[in-house]
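Subject: Structure for you to look at

Hello,

Here is the structure I promised to pass on. Please open it beside this email and follow along.

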Amino acid sequence: MLSNTSNFTNNSFTFGVCNYGIPVATKTSWTTQNPGRRFVTCKFYNPDSMMSGCNFFRWIDDDMTNWQRHVINRLVKENKCLKNEVRPQDRGFDGNSSDNGAMEVYVEKLENKCNMLTNEVEVLKYEKKIQILR
């Protein structure tokens, strides 16, 4: 695990400042190829505006397996779906007491779905452990 100091070491690289001499920024990639993978870069790097600052870039985390990439991408997709489902104002619930019953049923449905996904993640973790032991 990395410390919050401006200098740290990973894979024989020592990071502290970028090519501009400014402390690096730690960011997380959420591309489908590198979901959840952390990296350090020039603090002026901004993928939305295509600014790359001084082009300083180093991965913090090791590359992941295809299995890990697949699972994380699927969980990110499920998370987005669940976030869209949880917006009560979009479902016509306005907080009136007459909505309480419908809201409780809806919340229970979402809780069941979350539990199902949690169980699926645990099964995948177990399968991965078995795969490693082989």
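Arg 38 and Asp 61 join their side chains in a salt bridge, with 2.7 Å from N to O. A salt bridge here means a side-chain nitrogen of Lys or Arg within 4 Å of a carboxyl oxygen of Asp or Glu. Arg 38 sits in strand S4 and Asp 61 in the loop between S7 and H1, so this pair ties together parts that are 23 residues apart in sequence. Helices (H or I, at least four residues) and strands (E, at least two) are DSSP runs, numbered from the N terminus. Arg 38 is partly exposed, at 25% relative accessible area. The cut-offs are these: buried is under 20% relative accessible area, exposed is over 50%, and partly exposed is in between (1.4 Å probe, protein chains only).

Before you go on, note that this is a predicted model: local features need pLDDT of at least 70, side-chain atom pairs count only at pLDDT 80 or more, and totals for chains, interfaces and linings use all residues. Residues are numbered from 1 along each chain as its sequence is written, and side-chain values use heavy atoms, with hydrogens and water left out.

Salt bridges

Side chains of opposite charge can pair when their charged atoms come close. How many salt bridges does a search of the whole structure find? It finds three. One of them joins Asp 63 and Arg 37, at 3.6 Å from N to O. That pair links distant parts of the chain: Asp 63 is in the loop between S7 and helix H1 (66-85), Arg 37 is in strand S4, and they are 26 residues apart. Asp 63 also meets Arg 69 in a salt bridge, at 3.1 Å from N to O.

Aromatic rings

A pair of aromatic rings is described by the distance of the centres and the angle of the planes. The structure holds five such pairs. Rings of Phe, Tyr and Trp (its six-membered ring) pair if their centres lie within 6.5 Å; planes under 30 degrees apart count as stacked, over 60 as edge-to-face and the rest as tilted. Phe 39 and Phe 57 form a tilted pair, with 5.0 Å between centres and 35° between planes. Phe 39 lies in strand S4 and Phe 57 in strand S7, so the pair ties together parts that are 18 residues apart in sequence. Phe 39 is buried, at 5%. Phe 57 is partly exposed, at 32%. Phe 57 also pairs with Trp 59, edge-to-face, at 5.1 Å centre to centre and 85° between the planes. Ring pairs link Phe 39, Tyr 45, Phe 57 and Trp 59 into a cluster.

Trp 59 lies in strand S7. Trp 59 is partly exposed, at 26%.

Thr 41 is in strand S4 and is buried, at 2% relative accessibility. Its side chain reaches the backbone oxygen of Phe 56 at 2.8 Å.

Asn 55 is in the loop between strand S6 (51-52) and strand S7 (57-59). What is its phi? Phi is near 75°, a positive value in a residue other than glycine. Asn 55 is exposed, at 58%.

Phe 44 is in the loop between strand S4 (37-41) and strand S5 (45-46). Phe 44 is partly exposed, at 38%. With Tyr 20 and Met 51, Phe 44 forms a nonpolar surface patch, with about 320 Å² of accessible area together. Patch members have over 30% relative accessible area and no salt bridge; like charges are joined within 9 Å, nonpolar side chains (Val, Leu, Ile, Met, Phe, Trp, Tyr) within 5 Å. Accessible areas come from the Shrake-Rupley method with a 1.4 Å probe, and for residues only the protein chains shown count as cover.

Best wishes

How values were computed:
A polar contact is a pair of N or O atoms within 3.5 Å; within protein, one must be able to donate a hydrogen and the other to accept it, and residues adjacent in sequence count only if both atoms are side-chain atoms.
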